[in-house]
Amino acid sequence: MAKSPEEEHPHKALGWAARDSSGVLSPFPFSRRENGDDDVTIKILYCGVCHSDLHSCKNEWGVSRYPLVPGNFMESESLALNAPGCVATHEIVGVVTKVGKAVMKFKVDDKVGVGVMISSCKKCDCCKQDLENYCPQMMLTYNSINHDGTKNYGGYSDMIVVDQHYVLRFPDNMPLDAGAPLLCAGITVYSPMMYYGMTEAGKHLGVAGLGGLGHVAVKIGKAMGLKVTVISTSPKKESEAINSLGADSFLVSTDPAKLKAATGTMDFIIDTVSAVHPLLPLLSLLKLNGKLITVGLPEKPLELPIFPLVLGRRLVGGSDIGGIKETQEMLDFCAKHNITADIELIKMDQINTAMERLARSDVRYRFVIDVGNSKL
């Protein structure tokens, strides 16, 4: 009888997996592919927890392959065909334990990270522009099949094998646990800020939503010298936004009087809200030529009013994560400015409770699994 790909590549690993759409995770032994010439084997120490993990464990986007070890989402083809608007997010950090003979960038004991993607064609226009995240053949970290036929599993596990091109060097002065979410939240807001020109000191940036993405956007915006206003439906977040995160002001988006007073005052808005919400109030806050950039992923389409776009020559755009080069740039920028995520550190056996809390948005602001000190 022919051996399965996993039997052909018996690189044993331990993780936690969802077996069905109940989304409940439990211990799961499995096999990784062997370390090839261009590969880096990483002992995982920390792994961030993202809302996309919750969606995929429960098959809410209809493309999950069980058993499923989360810690990044699905391959890009599945995204395009079955789940329009969904994107992979996650954050794996650890130390190198083995390198292939062609690996020149890393050595054993280096601190490294793995973000959203683990493969792309390396030949298309996107890849040649260091925009591998937009490559039609980009492969995300879990719930996909590798080129050798083995299944890709995510970071809720003790180790991973990754092509050196998709491995990121972690700055020496950055804590591994609080730095891990930057591989998702950090690059998701940094990339549109760079592309859409949100880098001119003194300009006014609105950050809609103060969650895992939004709180990092505030920190990066302030480091770039921007005036930052947090836009939220929750008045109780005002003190946190201003006193803890350093925002300049706070705007309750459900207060018509305050919205009216702020009309036409912002140069840019990064919209991190993942729930269905109206765009008209946000568009009204923009100046002439203002830009509203969405990075949140609501499950249903949003209504886009055209009049405020035409009459104010405003732009509505979107942005995925970033390529490998830009992600490394983001990590170095954050290290220089002492930017990390605000996290709650959990052990692996607390993941089901964390998922329940995540579904209620009961986290400040990102769960990170202490994999290295967890019993798997």
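Lys222 is partly exposed, with 30% relative accessible area; that label covers everything between buried (under 20%) and exposed (over 50%), using a 1.4 Å probe and protein chains only. This is a predicted model, in which local features need pLDDT of at least 70 and side-chain atom pairs count only at pLDDT 80 or more, while totals for chains, interfaces and linings use all residues. Residues are numbered from 1 along each chain as its sequence is written, and side-chain values use heavy atoms, with hydrogens and water left out.

Let us stay with Lys222 for a moment. Its side chain meets that of Asp248 in a salt bridge, 2.9 Å from N to O; the term stands for a side-chain nitrogen of Lys or Arg within 4 Å of a carboxyl oxygen of Asp or Glu. Lys222 sits in helix α7 and Asp248 in the loop between α8 (238-244) and β14 (249-252), so the pair ties together parts that are 26 residues apart in sequence. Asp248 is partly exposed as well, at 39% relative accessibility. Elsewhere, salt bridges with shared partners link Lys219, Glu240, Asp342 and Arg364 into one network.

Side chains of opposite charge can pair when their charged atoms come close. The count of salt bridges here is 14. One of them joins Asp39 and Arg33 at 2.5 Å, N to O. Asp39 is buried at 7% relative accessibility, and Arg33 is buried at 16%. Another joins Lys107 and Asp110 at 3.0 Å, N to O; in this pair Lys107 is exposed at 53%, whereas Asp110 is buried at 9%.

Now step back to the whole chain. You will find 13 helices and 19 strands in it, where helices (H or I, at least four residues) and strands (E, at least two) are DSSP runs numbered from the N terminus. The radius of gyration is 20 Å, close to the 21 Å that the globule rule gives for 376 residues, so the chain is as compact as a globular protein of that length. That radius is taken over C-alpha atoms, and the rule is 2.2 Å times the number of residues to the power 0.38. Buried residues account for 57% of the 376.

What lies inside? The largest nonpolar core has 101 residues, and those with the most contacts within it are Tyr156, Leu205, Ile220, Ile351 and Met355. Such a core is a set of buried Ala, Val, Leu, Ile, Met, Phe, Trp, Tyr and Cys residues joined through side-chain atoms within 4.5 Å. Strand β3 (residues 39-49) gives this core its largest share, seven residues. A second, separate core of 14 residues includes Ile231, Leu259, Met266 and Leu292.

Helix α6 (residues 185-195) is worth a look too. Nine of its eleven residues are buried, so the helix is largely enclosed by the rest of the structure. Its buried residues pack against several elements, among them β12 (204-208), α7 (212-223) and α12 (324-336), with contact meaning heavy atoms within 4.5 Å. After α6 comes Gly197, whose phi is positive, near 75°.

Leu304, Ile306, Phe307, Val310, Leu311 and Val316 make a nonpolar surface patch of about 630 Å². Patch residues have over 30% relative accessible area and no salt bridge; like charges are joined within 9 Å, and nonpolar side chains (Val, Leu, Ile, Met, Phe, Trp, Tyr) within 5 Å. Helix α11 (residues 307-312) supplies the largest share of the patch, three residues. Val310, which lies in α11, is exposed at 61% relative accessible area.

Note on methods:
Accessible areas come from the Shrake-Rupley method with a 1.4 Å probe; for residues, only the protein chains shown count as cover.
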